[in-house]
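Subject: Structure for your files

Hello,

Here is the structure I said I would pass on. My notes follow below it.

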Amino acid sequence: MNLALLGYGKMGKMIDGLAPEYGFTVTHRLDENNNADQSAMTPESFQGVDVAIEFSTPEVCLANVRRLAELRVNTVVGTTGWLGQMDEVKAMIAAAQTGFVWSPNYSIGVNVFFRLINEAARLLADEKEYGAWAWEIHHDTKLDAPSGTLLKLVEEMKQAGYARPIDVSSNRAGRHPGTHEIGFDSAADTITLKHAARSREGFARGALKAAQWVAGKRGFYEFSETLFPKK
Ligand SMILES: NC(=O)c1ccc[n+]([C@@H]2O[C@H](COP(=O)([O-])OP(=O)(O)OC[C@H]3O[C@@H](n4cnc5c(N)ncnc54)[C@H](OP(=O)(O)O)[C@@H]3O)[C@@H](O)[C@H]2O)c1
C-alpha cells in the first residue's frame, strides 16, 4: 500500500523508518519546504495513495486534513492542538465519505490508561473528600500545552461523572517523550496513576497500525475504537 506522510519532523521520520514493516511504501514526505499552502497535494500527485498519516503542526493540520478529504484519501491524524475544530473535521469527513482515525496519543498503553482513568474517576465521583490533579511533561519543542493527551484524560474524568475541579498543569523541558499523571488526594491517602512513554516508537507503531486498519474503510474513528471495538 502507498503511504503519504504529511509532516516530516520527529514523528514523520520515525514512521518512515518503520513503514515497510507494516507493508507500506512511502510515496510522499511533505513538510513546510515542499508543501506550503498544500501546494504538493494535487489530484495528480496523490493518485495511487492508499492512506496518509498526518503529524505536522496545529496551524497546518486542518488545511492538510481538508485537502486530503477533497482528494478522498483515508487519513490517520496524530497532530494535537486542534481539538476545538473537531466538529468541523467530522463534517468534512462525513461529506467526503472517507475514512479517518484520530488520537492525541497512538501508544497502546495510553489508550489502556484512558480507560483506567475513566474508571477511577467514576469510582471517586461521589467521594467528595477527594480532590484531583492532572499533570504532564514533554520535550521543550512541543508546541501545544496542555498536551492533547492530558486534555483527553481530563475529558474522560468529566465524562465518567467527576464534576469537581481538576487542577491541570504542564512542564516543557529537555527531550522528554511524554509523561502523564492523574492523582486523587484526600486527608486519608493519595492515589497516583502515571503513564510514561519511553520513546516515540510506540506512537509511530500505533499510527501505522491505525493506517493499516483504516485502509478501505469509511467514517470517523478514535484510535481506541480500533483497539477495543464495542462488543
Ligand atoms: N498522537 C500522537 O501519538 C503523537 C505523538 C507525538 C507527537 N504528536 C503530535 O504530532 C505533531 C508533530 O510532532 P513532531 O514531534 O513530529 O513535530 P515536529 O518534529 O516539529 O514536526 C512537525 C513537522 O510538520 C511539518 N510541517 C509544517 N508545515 C507543513 C505543511 N504545510 N505540510 C506538511 N508538513 C508541514 C514541519 O516541517 P518543517 O520541518 O519544514 O518545519 C515538520 O516536519 C505535534 O502536534 C505533536 O504534538 C502526536
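In helix H5, the buried residues are Gly-148, Thr-149, Leu-150, Lys-152, Leu-153, Glu-156 and Met-157. Please keep in mind that this is a predicted model.

The length of H5 (residues 148–159) agrees with expectation, because its 12 residues at 1.5 Å a residue should span 16 Å and its end C-alpha atoms are 16 Å apart. After H5 comes Gly-161, with a positive phi near 100°.

Buried in H6 are Phe-203, Ala-204, Gly-206, Ala-207, Leu-208, Ala-210, Ala-211 and Val-214. H6 is followed by Gly-216, where phi is again positive, near 80°.

On the spacing within both lists: an α-helix has 3.6 residues a turn, so residues three or four places apart point the same way.

Now the ligand. It is surrounded by 29 residues, and the closest are Gly-9, Met-11, Asp-31, Glu-32 and Gly-78. Sorted by class, the shell around the ligand holds 11 nonpolar, 14 polar and four charged residues. Helices H1 (10–18) and H2 (58–70) each supply at least two residues of that shell.

Regards

Terms used. Residues are numbered from 1 along each chain as its sequence is written. This is a predicted model: local features need pLDDT of at least 70, side-chain atom pairs count only at pLDDT 80 or more; totals for chains, interfaces and linings use all residues. A residue is near a molecule or strand if its C-beta atom, placed from the backbone, lies within 6 Å of it. Helices (H or I, at least four residues) and strands (E, at least two) are DSSP runs, numbered from the N terminus. Ala, Val, Leu, Ile, Met, Phe, Trp, Tyr, Cys and Pro count as nonpolar, Asp, Glu, Lys and Arg as charged, and the others, Gly among them, as polar. A residue is buried if 20 or more other C-beta atoms lie within 10 Å of its own, exposed if 12 or fewer, and partly exposed in between; C-beta atoms are placed from the backbone. The expected span of a helix is 1.5 Å times one less than its number of residues.
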